[in-house]
Amino acid sequence: MIETALLEKLDTIASALKLGRPSLWSIQEIAAYYGCCDDTVREQMICKRGFPIPVKVTAGGRRWVPEEVVDWILKHREVLPEPRRKRA
């Protein structure tokens, strides 16, 4: 089951790259990847020690390197809230 979830996440990343999406992720993109809401990312992920350091962008926002975020999530998934289940 974990392997299936991992393959789905990798497929999501591959699809994003094919669509020409940004090479840096916003909070919304991290939330979409993990399957949670933006508030969960803000309140329970990016504030954790060791979460990847954001890249400051000119518009005053922050972005993260997707590979760093994925690696961090895979290493810390035991302490993260459960992602939402997909509805059938």
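Predicted model: local features only at pLDDT ≥ 70, side-chain atom pairs only at ≥ 80, totals over all residues.

Colleague: How many disulfides does the structure hold?

Modeller: The sulfur nearest to that of Cys36 belongs to Cys37 and is 6.0 Å away. A disulfide requires sulfur atoms within 2.5 Å, so Cys36 is in no disulfide, and Cys37 is in no disulfide either. For the structure as a whole, the number of disulfides is zero.

Colleague: Is Cys36 buried or exposed?

Modeller: The relative accessible area of Cys36 is 11%. Buried means under 20%, and Cys36 therefore counts as buried. Cys37, at 31% relative accessibility, counts as partly exposed. The term for Cys36 is buried.

Colleague: Which residues of α2 are buried?

Modeller: Helix α2 spans residues 27-34 and is mostly covered, with six of its eight residues buried. Just after α2, Gly35 takes a positive phi of about 85°. The buried residues of the helix are Ile27, Glu29, Ile30, Ala31, Tyr33 and Tyr34.

Colleague: Which element gives the largest share of the largest nonpolar core?

Modeller: This core has 18 residues, and those that touch the most other members are Ile30, Val41, Met45, Phe51 and Ile73. The largest share, five residues, comes from α2.

Colleague: What is the geometry of the aromatic pair formed by Trp25 and Tyr33?

Modeller: Trp25 is buried at 8% relative accessibility, and Tyr33 is buried with a relative accessible area of 5%. Their ring centres are 5.3 Å apart, with 40° between the planes. Planes over 60 degrees apart count as edge-to-face and those under 30 as stacked, so this pair is tilted.

Colleague: How many residues apart in sequence are the parts tied together by Phe51 and Trp72?

Modeller: Both residues are buried, and they form an edge-to-face pair, 4.8 Å centre to centre with 75° between the planes. Ring pairs also link Phe51, Trp64 and Trp72 into a cluster. Because Phe51 lies in the loop between α3 (38-44) and β1 (55-56) and Trp72 in helix α4, the pair ties together parts whose separation in sequence is 21 residues.

Note on methods: Residues numbered from 1 in each chain as written. Heavy atoms only, no water. Buried < 20%, exposed > 50% of the residue type's maximum accessible area, 1.4 Å probe, protein only. Helix = DSSP H or I, 4+ residues; strand = E, 2+ residues; numbered from the N terminus. Core = buried A, V, L, I, M, F, W, Y, C linked by side-chain atoms within 4.5 Å. Phe/Tyr/Trp six-rings, centres within 6.5 Å; stacked < 30°, edge-to-face > 60°.
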